[in-house]
Each structure stands twice: as structure tokens, then as C-alpha cells.
Amino acid sequence: MRQSVIDALVLSKAGKSAAEIADYLKKDALNASIYISVDTLKYLKKGGRVTAAGAAIGTALNIKPVLQIQGGKLDAFAKVRGTKTAMKTMLQAIDKDIETRFAGQKYMILSAYAGEDSLKDSWQTAVREYFKDEKIPCYHLPLSVSTHVGPGSFGLGVMSYVDEQ
């Protein structure tokens with residue numbers, strides 16, 4: 001949503017009408033790939049996305065689900081063991097999306113986290129090491145997401161944007 005506001009401002013400064021801006025924003029609203037991993041299955045269980053048995057087994061095996069949001073739809077993307085593997089899976093998924101889904105487009109990568117700043121630091125270190133030449137800001141996950149995934153969750157997304165030129 002933040003980027004939609006910025007895109008609307010850029011389009012307005014470029015002389016686009018309100019109707020043209022609205023049309024662009026509606027067309028582009030779902031042009032993003034977002035991946036999120038959770039630290040604990042507790043919140044997914046409470047939200048009904050994971051059964052109690054599944055949460056117990058997943059916790060015992062240190063399973064970290066990687067969830068994907070594309071086109072406004074939340075799906076399971078991968079189930080991996082351990083946080084570092086979840087991070088690597090998400091980084092590779094975004095890289096693939098850039099090469100395929102966002103090929104030839106202006107895009108930006110954003111990272112996010114919920115919880116302690118130590119998670120932010122380790123996540124940003126991994127992101128910056130993987131995408132060496134990119135400027136990638138890190139934000140707190142919005143509360144509308146954090147309440148479902150809980151503290152210790154982190155995410156990575158890529159989206160198109162309007163160039164100011």
C-alpha cells in the first residue's frame with residue numbers, strides 16, 4: 001500500500017488524471033511476490049491454518065513453513081527445516097521471480113520482520129549478502145500480518161513501481 005501511494009504521487013506529478021491513476025493502481029495492485037516465514041507454528045495453529053497435530057510435529061522437527069502471497073492469495077510455498085534454510089529458500093524464490101515474473105520491469109525488493117531487532121539484523125545481513133548491488137529497506141511487518149504469523153517472522157517481497165523519469 002505504501003508503494004501505491006508513492007506511485008500515485010509520481011503519476012500525479014507526471015500529469016496523469018485521477019481516473020488514469022486509479023486505473024493504473026487497480027491494474028498493478030497485485031503485481032508483487034511476497035514470501036514470509038514464521039518462527040513458531042503457534043499463530044498459524046491459532047488462526048486455523050495448521051492443525052494442532054501438524055503444529056506439534058512441525059515444532060518437533062523444526063519445520064519452518066515459507067508462505068507465498070501472489071495475486072492476493074496466500075499459499076504454502078515450501079516447508080523447510082530451520083530458519084537459515086527458510087531464509088535461503090526465500091532469497092532464491094525472489095531471485096527467480098525477478099528473472100521471470102519481473103523480467104524487463106522496474107522492480108524493488110523490500111524486507112520485513114516481526115519481533116526483536118536482532119532478527120532484523122540477521123535477516124538484513126542475509127538479504128544484503130545475497131543481493132549485493134540492491135538497496136533493500138527493511139520494515140516492521142504490518143500488524144495485519146504480524147497477528148497471523150507472530151513474532152520472529154520475516155518476509156521478503158518484490159514489486160513493480162512507477163519510475164519518476
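Analyst: Start with burial. A residue is buried when its relative accessible area is under 20%, and exposed when over 50%. This model is predicted. Here Phe154 has 1% relative accessibility, so Phe154 counts as buried.

User: Is Trp123 buried or exposed?

Analyst: Trp123 is buried, with a relative accessible area of 0%.

User: How many aromatic pairs are there?

Analyst: Rings pair if their centres lie within 6.5 Å. That rule gives three aromatic pairs. One of them joins Trp123 and Phe154: the centres are 4.8 Å apart and the planes stand at 50°, so this pair is tilted. Trp123 sits in helix 6 and Phe154 in strand 6, 31 residues apart, so the pair links distant parts of the chain.

User: What about Tyr130 and Phe131?

Analyst: Planes over 60 degrees apart count as edge-to-face. Tyr130 and Phe131 form such a pair, with 70° between the planes and 4.8 Å centre to centre. Phe131 is buried at 7%, whereas Tyr130 is partly exposed at 33%.

User: In what order do the six strands of the sheet run?

Analyst: The order is 3-2-1-6-4-5, in an open sheet with mixed pairing. Strand 3 (73-81) and strand 5 (138-140) are at the edges; each has a single partner strand, so one side of each lacks a neighbour in the sheet. From one strand to the next, the twist averages 20°.

User: How many bridges join strand 1 and strand 2?

Analyst: Five, in the antiparallel sense. Tyr35 has Gln68 in strand 2 as its bridge partner.

User: Which strands does helix 6 lie across?

Analyst: Helix 6 (residues 117-130) lies across strand 4, strand 5 and strand 6, at about 150° to strand 4.

Key
Residues numbered from 1 in each chain as written. Predicted model: local features only at pLDDT ≥ 70, side-chain atom pairs only at ≥ 80, totals over all residues. Heavy atoms only, no water. Pairing = 2+ DSSP bridges. Helix = DSSP H or I, 4+ residues; strand = E, 2+ residues; numbered from the N terminus. Axes fitted to C-alpha atoms, helices over the stretch in contact; angles between N-to-C directions. Contact = heavy atoms within 4.5 Å. Phe/Tyr/Trp six-rings, centres within 6.5 Å; stacked < 30°, edge-to-face > 60°. Buried < 20%, exposed > 50% of the residue type's maximum accessible area, 1.4 Å probe, protein only.
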